[in-house]
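Please look over the structure shown here before reading the notes.

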Amino acid sequence: MKDVAVIGVGCTTFGEKWNHSFRDLFIEAGALALEDANLSGEQIDALFVGNMSAGRFIEQEHIGALIADYAGLATKHIPSTRVEAACASGGLAFRQAITAVASGMSTIVVAAGVEKMTDITPGQTVDTLASAADREWEGFMGATFPGLYAMIAHDYMHRYPLTREQLAQVAVKNHFNGARNPIAQFQQEISIETVLSSSLVADPLRLFDCSPITDGAAAVILAPLEIAKQFTDTPIKVLASAQASDTIALHDRRDISTLDATVEAGKRAFHQAGLTHRDIDLVEVHDCFTIGEICAIEDLGFCTKGEAGQLTEDGVTALHGDLPVNTSGGLKACGHPVGATGIKQIYEVVLQLRGEAGKRQIEAERGMTHNVGGTGATVVIHILGAC
Amino acid sequence: MVGIITYGVYIPRFRIRVTEIARVWGANAEDIMGGLGVYEKSVPDLDEDTATIAVEAARNALKKRRINPQTIGAVYVGSESHPYAVKPTACTVGEAIGATPAMTAADIEFACKAGTAGIQICMGLVISGIIENGLAVGSDVSQGAPGDALEYTAAAGGAAFLIGREDPIAIINRTCSFTTDTPDFWRRSGEEYPRHGGRFTGDPGYFRHVQGAARMLMEQISTSAQDYDYAVFHQPNAKFPRKVAQLLGFSAEQIKPGLVVPHLGNTYSGSSMIGLAATLDVAKPGDRIFVTSFGSGAGSDAFDLQVTDMIECRDLYNRSGAPTVEDLLKDPIYVDYAQYAKHKGKFVMQA
């Protein structure tokens, strides 16, 4: 297996992009990544794109071919593959691209993620997202994602010492970071009071506990590490790529407050990289809801179960804390175009490791990404390191 | 000089509170009132519709000024809720005020700005000399699907403006429009309730068009917000007009008299016109008023008006000859959701 490096990254701004179509979004992200890697489209050998539900969001399937076509690569006939694992589609597309390069089957590979979520009504969007849960046992019974994560939050708060204010602090911290990220959907700082006084969505989760509906795309370009320096002075090495599955329905889990797929994929990633938690300088976790970030920090092993609330309150996970979590603003403030989120996490870690993160720059040599599909039925984790 | 010869308003007396609608749907009324800035909305009586409201508004206009109805050469009624798909409301209004038969008439549809489009059409006919006076009415018994966000604001009411040249109470210095094909809110033929693009109705809909028309007009005549005593904007809720006023540089004081939505609701085609009427109710000679309507689909009409001495000339114009907007908002009768449902014809009655 060859070592793999990220040689270029690109990301659109995230938000309600009324004037940008699905095609505009991925073309913009792809062009930015190619420019960053000093490449032309002709040099691409393969393309993997993470997309959760273009079929329902914009009534368009066959996304792989569409993207290759509109990227101007139809005449080159490159293999182009759509990857779907609900909200983990982006992270999984990145993993597929890694395997393509590591195996030697392809050399220059694009991993992209794109989602256009605002062309349908919010009700339709919520239902489309609910298709990432178990439709027969959860969706048909009325469960939506805010509802399912609210059950996790209730169970967690019953068993562990997490206060409502600590949960709100996750959103406050992520908005602080988002306010320093020019691509973020929300670039405003908020207070704990903002969260606590926002509309109740699914008890105990309020509006500001929830990630938004977002349009956006991100793309990264991978190459064998041995040739990476031909394209960039600052290649970022892939140190680990791990994936794990779990039951699709929340109620079938061993423990609904612990995402076992996160625990498992995390262990595999650390093992692959030969690293421990102390070696990680920042982590982008899947905070689709604030409780998601609390669980992720613990399930990845950065602290023991029940401690993440206090760590958050103490500022450990803040931008300049001992373990910065979601320097991009996370899904909460940066936005959550579901298929693109996993690639945006890679984009953020690459910027941080290259020292190009502007106002939110931290000192970092190694970073981790944690991308979740559904309530934890798919988890994809990557560790990246500066060369 | 073309301008407003007289105007009249009608608002049904019934109201339903946002708290009552929220109670039925299990929604949080505080959140809704906080978000929309609307606390109650007008409800038509069982036998009130767009035509009766338009007639009442037109009659109130004529109560304030002695006008020979035969000088009214055009009647246009803008509405999203004309009682008939085919058979003009405008003819009913023309007949009711004695303007028939030597007149032209038509119903106009452009979502919530059809009434101000009628004003522009009347201006054209008056300026060209084809007619002496023209009546433009905006009237609606607004539709909002049960449980939809629109149900908290969709109200009933209307305003009528007589446009002409002879001694107007307010001169219309200039008008312009900003129009695009933007599907932010619509109701297909045969459908009972409108549908909307949620948050898409905001920035790409309301804010782009209202600001587009407003800035276009101010640029054309080299004015700024400070040049006006009052400003009126389409008011689907209280949040949008307040925000757009701020974006355009108008103060809370300038929009205050015309911001009637908190206790009236959104009267669709009547909305900005009732706001203008409420402003004229308190205006003094010389006051300059800026008005911008908005209709989904989408477009905005902007107007620059100047109030004349005629508004206080009691021989010609009797300001208290018909109820003011404030009078019409006073002393409401509150209904519960069941009465509201009856008034809105939501029960299927046995023959």
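The points below go through a predicted model, beginning with chain A and ending with chain B. In chain A, helix α7 is mostly covered, and the largest nonpolar core has 136 residues. In chain B, 9 strands form an open sheet.

**Helix α7 of chain A**

- Helix α7(A) covers residues 164-178, which makes 15 residues.
- From the first C-alpha of α7(A) to the last, the helix reaches 22 Å, close to the 21 Å expected at 1.5 Å a residue.
- Of the 15 residues in α7(A), 12 are buried.
- Among the buried residues of α7(A) are Leu167(A), Val170(A), Val172(A), Lys173(A) and His175(A).
- The buried residues of this helix pack against four other helices of chain A: α8 (192-196), α11 (290-299), α12 (308-313) and α13 (330-334).

**Nonpolar cores**

- The residues with the most contacts inside the largest nonpolar core are Val6(A), Ala111(A), Ala112(A), Val220(A), Leu222(A), Ile343(A) and Val350(A).
- Helix α14 (residues 338-354) of chain A gives the largest share of this core, 9 residues.
- Both domain 1 (4-121 + 214-236) and domain 2 (132-211 + 239-386) of chain A supply at least three residues each to this core.
- Val350(A) is in contact with Val6(A), Val9(A), Val220(A), Ile236(A) and Leu384(A), leaving aside its neighbours within four places in sequence.
- A second, separate core has 109 residues, including Leu62(B), Met103(B), Val126(B) and Phe185(B).

**The sheet of chain B**

- The strands of the open sheet in chain B follow the order β5-β4-β6-β7-β1-β8-β13-β12-β11, and their pairing is mixed.
- The edges are taken by β5 (104-108) and β11 (230-233) of chain B; each has a single partner strand, so one side of each is left without a neighbour in the sheet.
- On average, neighbouring strands of this sheet are turned by 20° against each other, direction ignored.
- Strands β12 (residues 288-292) and β13 (residues 297-307) of chain B pair in the antiparallel sense, over 5 bridges.
- Thr292(B) has Ala302(B), in β13(B), as its bridge partner.

**Helices across the strands of chain B**

- Helix α4 (residues 89-96) of chain B lies across β4 (72-78), β5 and β6 (133-141) of chain B, and runs at about 135° to β4(B).
- Helix α9 (residues 271-282) of chain B lies across β1 (3-10), β6, β7 (156-164), β8 (170-182), β11 and β12 of chain B.
- The direction of α9(B) is at about 160° to β11(B).

Methods
Residues numbered from 1 in each chain as written. Chains lettered and ligands numbered in written order. Predicted model: local features only at pLDDT ≥ 70, side-chain atom pairs only at ≥ 80, totals over all residues. Helix = DSSP H or I, 4+ residues; strand = E, 2+ residues; numbered from the N terminus. Expected span 1.5 Å × (residues − 1). Buried ≥ 20, exposed ≤ 12 C-beta atoms within 10 Å, placed from the backbone. Contact = placed C-beta atoms within 7 Å. Core = buried A, V, L, I, M, F, W, Y, C linked by C-beta atoms within 7 Å. Domains from an automatic or database assignment. Pairing = 2+ DSSP bridges. Axes fitted to C-alpha atoms, helices over the stretch in contact; angles between N-to-C directions.
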